[in-house]
Amino acid sequence: MSAIECLHLRPRKFAPLDPARTSNAPLLKGIVFDVDGTLCLPQHHMFNEMREALGIDRSVDILHHIRELPTPEDRAAAVSKVQAVERRAMVDQQPQPGLLRLMDYLKSRGLRRALCTRNFEAPVKNLVDNHLPTHVFLPIITRDTPNLLPKPDPAGILHIASEWGLGNRAESMIMVGDSIDDMTSGHMAGAATVLLVNERNMHLKEHAHTDLCISRLDELVDILEQGFLGTRENEECRQ
């Protein structure tokens, strides 16, 4: 499946990264990536295991539940249970198709890259060390980054924009992810958003916070080379 066509109501444009192409569109300054389900293949079983360990159902956000526990001891115990699931799962991390091609392309174009994830640090480091050892992501925002609420709050993406010295919030950035938290955090920060579609998130193709849909990471190579065009308010996304 090639890049999924979207009807554009409010276009989000960036100039082509191909220097031979001319454009009056704004320059893209960098891309922020989610990790689980975006840079690596989804491991949906993790979230069921986490909720089972914590004794909560699917309607309860895992990180919100932990933050609301009454004592530091309760919170520490819950964090330990969640991290145990993540540590087991990271052994089986597999890169998304097209991951290395996209990252090599972005590196060749000198585009800044950062990570913003609801993971803790160990699975993120495991993925980068094993599958992207020659690539640099700065900054890396995890759920443990001090003084920043996790996605769907836009704080992490806004922090990245600030670290990059951007004065327009995240309006010259793209957020790439696979969840509603990714789309909403990017949208609220002012970034363009790209949904990596899988069998569990098809409903997000038409969400107002989704600007563009792809089925493989390296579809972004041609999209960025020719100039990004998305929409803030998807009336329809279709193959």
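This is a predicted model: local features need pLDDT of at least 70, side-chain atom pairs count only at pLDDT 80 or more; totals for chains, interfaces and linings use all residues.
How do α1 and α3 lie relative to each other, roughly parallel or roughly antiparallel? Let's walk over and look.

Residues are numbered from 1 along each chain as its sequence is written, and side-chain values use heavy atoms, leaving out hydrogens and water.

**Stop one: confidence.** Colour by pLDDT: the chain averages 91, and 92% of the residues score at least 70. Select residues 1-10, where pLDDT stays under 50. Residues 233-239 are also below 50.

**Stop two: α1 and α3.** Select residues 45-54 for helix α1 and 72-90 for helix α3. Helices here are DSSP runs (H or I, at least four residues), numbered from the N terminus. The two pack at about 155 degrees, axes 9 Å apart, so α1 and α3 are roughly antiparallel (angles over 145 degrees). Axes are lines fitted to C-alpha atoms over the stretch in contact, and angles run from 0 to 180 degrees between N-to-C directions. Show side chains in the contact (heavy atoms within 4.5 Å): among them are Met-46, Met-50 and Leu-54 of α1 and Val-82 and Val-85 of α3.

**Stop three: α3 and α5.** Zoom in on Glu-86, Arg-87 and Met-90 in α3, which meet Ala-122, Pro-123 and Asn-126 in α5.

Notes
pLDDT is the predictor's confidence in each residue, from 0 to 100. Angles under 35 degrees count as roughly parallel, over 145 as roughly antiparallel, 65 to 115 as roughly perpendicular and the rest as oblique.
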